[in-house]
Amino acid sequence: MNRYPRDMRGYGPTPPDAGWPGGAKVAVSIVLNYEEGGENNILHGDAASEAFLSDINGAGMWPGQRHWNMESIYEYGARAGFWRLHRLFTAMDIPVTIFGVATALARNPEQVAGMKAAGWEIASHGLKWVEHKDMPEEEERHQIAEAIRLHTEVTGEPPRGWYTGRCSANTVRLTAETGAFDWISDTYDDDLPYWIEVGARDQLVIPYTLEANDMRFATSPGYIEGEMFFQYLKDSFDTLYREGVEGGAKMFSIGLHNRLIGRPGKMAGLRRFLDYAQAKGGVWFATRGEIAAHWAAHHPHHRFERPSQMSKDRFVERFGAIYEHSPWIAERAWEMELGPAHDCAEGVASVLARAFRTASDDERLALLKAHPDLAGKLAQAKRLTADSTAEQASAGLDALTDTERESFEALNTEYVGKFGFPFIIAVKDNTKSTIVEAFYRRLANSRDAEFAEACRQVERIGWHRLQDQFK
């Protein structure tokens with residue numbers, strides 16, 4: 001069984017309206033990463049100094065050495081940047097979610113006290129601010145547990161949210177498996193929260209951002225002045241706000257770091273944006289915990305039978321009749337690379353059509369011949385499949401006058417005599433009159449052209465049948 005785990009579909013073309021409290025057009029989530037004291041440092045038992053997200057251009061890790069300049073920049077975030085931001089957010093009464101590295105929180109008790117006094121949400125940002133991509137799964141699982149333990153010891157409460165950041169391919173699954181978190185944020189793939197299924201666990205994911213993020217002051221291409229940061233935040237906010245006005249309220253995450261946005265020139269752009277957003281009205285500034293609680297209450301998860309996870313027998317049982325009397329189509333489709341993108345009508349329609357298109361001409365001809373005549377003898381004898389019966393009835397073909405029936409019989413006879421297979425048309429796209437018009441028009445086709453048209457109509461009929469199944 002060939003299965004592809006990545007979810008390229010998400011909510012598809014019709015995402016839900018978030019329905020934020022008070023009819024807010026957009027929810028703004030301010031995240032402040034607290035990493036100072038948890039970064040790579042030989043004092044922390046690491047092999048080298050830190051090299052990530054600082055104002056040192058082209059910084060590299062120094063194996064076995066302390067990097068005094070790098071340490072000093074991180075210390076600025078703790079000593080000055082944090083408190084500048086604390087004053088800003090508390091004065092503006094804007095709630096904040098802290099992504100707190102557990103070892104950093106343990107080394108910064110006054111800052112933790114300031115977070116708690118402000119009523120901020122303190123989520124976990126892992127045990128240490130280090131790379132996890134090469135970490136063995138069991139070691140990462142151990143570090144997650146240790147981060148929860150230390151976080152609880154330092155703050156007095158276990159974290160209810162999680163974001164590793166420098167994560168591995170296992171991080172989302174491992175954090176979900178703990179069952180400890182109302183939300184996790186190690187994805188960047190949507191503008192709305194969504195649910196994932198990890199075993200028996202229904203886990204809420206609140207996607208984060210790396211672009212509406214002050215880390216771009218330390219990366220290239222990036223921001224070089226506060227005004228650029230303000231303009232990007234404003235443009236993002238305005239777009240999301242407009243979507244909210246149109247009935248598709250979204251979430252806007254903003255990622256911040258004490259040692260970056262906490263510098264005076266950079267913070268000026270942030271302040272300008274906050275003033276702009278607060279003056280706009282119809283904005284819900286919320287912690288991620290508040291967003292999670294709203295989503296769980298108003299958009300709870302509902303499991304359903306996923307085609308990509310079905311056994312072959314179940315897949316054929318469910319979809320074997322979509323192509324008339326041809327379960328082999330479903331059998332071949334099941335063998336293809338299926339994934340979350342196929343857990344919907346369009347997804348199943350795609351793989352069934354691919355199986356049909358790659359069949360031999362003889363196989364496709366046999367499938368065409370498996371279709372009944374329109375308003376023919378099988379319909380009169382009530383021997384059609386349930387799908388065919390409903391489809392023909394939708395265009396009134398089950399209630400023809402004697403004259404109409406004679407006309408259809410004559411057209412069917414002429415068509416089959418010329419092409420060697422029944423006239424096939426997606427009845428649900430048509431009326432009785434347009435079906436008759438198509439009969440006459442298509443009788444003028446060449447055999448090759450009509451074979452191709454009949455095959456297109458078979459696919460369209462299958463598409464309609466799947467729409468009904470996925471209602």
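In the predicted model, the largest pocket holds about 1800 Å³ of space. Its lining comprises 44 residues, of which Asp7, Gly10, Trp195, Arg306 and Pro340 lie closest to the pocket centre. By residue class, the lining of this pocket consists of 20 nonpolar, 12 polar and 12 charged residues. Three secondary-structure elements, strand 6 (194-198), helix 12 (345-357) and helix 18 (447-469), each contribute at least two lining residues. Strand 6 makes the greatest contribution to the lining, with four residues.

The packing of the nonpolar side chains was examined next. The largest nonpolar core contains 46 residues, and within this core Phe89, Leu270 and Leu274 have the most contacts. At least two core residues come from each of the following elements: strand 1 (26-34), helix 1 (68-92), helix 2 (102-106), helix 3 (109-117), helix 6 (226-245), strand 8 (250-257), helix 8 (264-280) and strand 9 (283-285). Helix 1 supplies the largest share of this core, at eight residues.

With residues up to four places away in sequence excluded, Phe89 is in contact with Ile30, Ile94, Val96, Trp120, Leu256, Leu270 and Leu274. Another core, of 44 residues, lies apart from the largest one and includes Phe421, Phe423, Ile425 and Phe451. In soluble globular proteins, nonpolar side chains tend to be buried together.

Notes:
Residues numbered from 1 in each chain as written. Predicted model: local features only at pLDDT ≥ 70, side-chain atom pairs only at ≥ 80, totals over all residues. Heavy atoms only, no water. 1 Å grid on protein atoms, 1.4 Å probe; cavity = no way out; pocket = protein on both sides within 12 Å on 5 of 7 lines; lining within 4 Å. Points joined across faces, edges and corners; volume = space filled by probe spheres on them. Nonpolar A, V, L, I, M, F, W, Y, C, P; charged D, E, K, R; others polar. Core = buried A, V, L, I, M, F, W, Y, C linked by side-chain atoms within 4.5 Å. Buried < 20%, exposed > 50% of the residue type's maximum accessible area, 1.4 Å probe, protein only. Contact = heavy atoms within 4.5 Å.
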